[in-house]
Amino acid sequence: MKKEIKVLISACLLGDNVKYSGGNNLTPELVTLLEKYNVDIVKVCPECFGGLPIPRVPSEIRENKVFSKDNRDITEEFLEGAEKTLKVAKENEVDFVILKERSPSCGSTHIYDGSFSGNVIPGQGITAKRLTEEKIKVFSEENLEEIEKYLVELDKN
């Protein structure tokens, strides 16, 4: 019997209104892809796990700390969210993770530069970095082709 593929995903990508603005980042192509491979989904929002409200003040990483646009240091909340997300990933024995690109929690290859000017730089969000440190494979929702290749490989096993 084939092993079921389990994926941990940013809840906002699946339409949950947990984004800082109170909205979501629903990505229909991602949902279709996951349905195609009959993936078992584990939804998370690291920022909610860290106790941050919805909606919340936008935040960005600056000098390895997370600051809200009103200049509060909220690094601890982000670290707590990352640890809780890691715990959920391990408890559920997920095969990989798909997180929201550019988010200060979830950005897997790019984040905003901390100036709140919309500038994007190479880097990882707090949760993406923590999961990567634990050798958990992290993808961006913007890389559907790579995700599908990975799903094909997992599906073979």
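These legends accompany several close-up views of the structure shown above. The model is a predicted one, in which local features need pLDDT of at least 70 and side-chain atom pairs count only at pLDDT 80 or more, while totals for chains, interfaces and linings use all residues. Residues are numbered from 1 along each chain as its sequence is written, and side-chain values use heavy atoms, with hydrogens and water left out.

**View A. Helix α3 packs against helix α4.** Welcome to the helix pair: α3 covers residues 75-91 and α4 covers residues 126-133, where helices (H or I, at least four residues) and strands (E, at least two) are DSSP runs, numbered from the N terminus. Their axes lie 9 Å apart at an angle of about 45°; axes are lines fitted to C-alpha atoms, for helices over the stretch in contact, and angles run from 0 to 180 degrees between N-to-C directions. The two helices are therefore oblique to each other (angles under 35 degrees count as roughly parallel, over 145 as roughly antiparallel, 65 to 115 as roughly perpendicular and the rest as oblique). On the α3 side, look for Phe78, Leu79, Gly81, Ala82, Glu83, Thr85, Leu86 and Ala89, which meet Ile126, Thr127, Arg130 and Leu131 in α4; contact means heavy atoms within 4.5 Å. The residues of this contact divide into seven nonpolar, three polar and two charged (Ala, Val, Leu, Ile, Met, Phe, Trp, Tyr, Cys and Pro count as nonpolar, Asp, Glu, Lys and Arg as charged, and the others, Gly among them, as polar).

**View B. Glu47 sits in helix α2.** This residue is buried, with a relative accessible area of 10% (buried means under 20% relative accessible area, exposed over 50%, partly exposed in between, with a 1.4 Å probe and protein chains only). Leaving aside neighbours within four places in sequence, Glu47 is in contact with Leu52, Arg56, Phe78, Ser103, Pro104 and Ser105.

**View C. A cis peptide bond joins Ile54 and Pro55.** Omega for this bond is about -10°. Pro55 belongs to the loop between α2 (46-49) and β3 and is exposed, with a relative accessible area of 53%. Not counting residues up to four places away in sequence, Pro55 touches Tyr20, Ser21 and Gly22. Asn17 is 38 residues from Pro55 along the chain, and their C-alpha atoms are separated by 9.0 Å.

**View D. Strands β3 and β4 form a hairpin.** The strands, residues 59-62 and 65-68, run antiparallel and are joined by four bridges (two strands pair if DSSP finds at least two bridges between them). Arg62 has Lys65 in β4 as its bridge partner. Two residues lie between the strands, and Glu63 in the turn has a positive phi of about 55°. Glu63 counts as exposed, at 71% relative accessibility.

**View E. Asn38 has a positive phi without being a glycine.** Most residues other than glycine have a negative phi. For Asn38 the angle is about 50°. Asn38 lies in the loop between α1 (28-36) and β2 (40-44), where it is exposed, with a relative accessible area of 59%.
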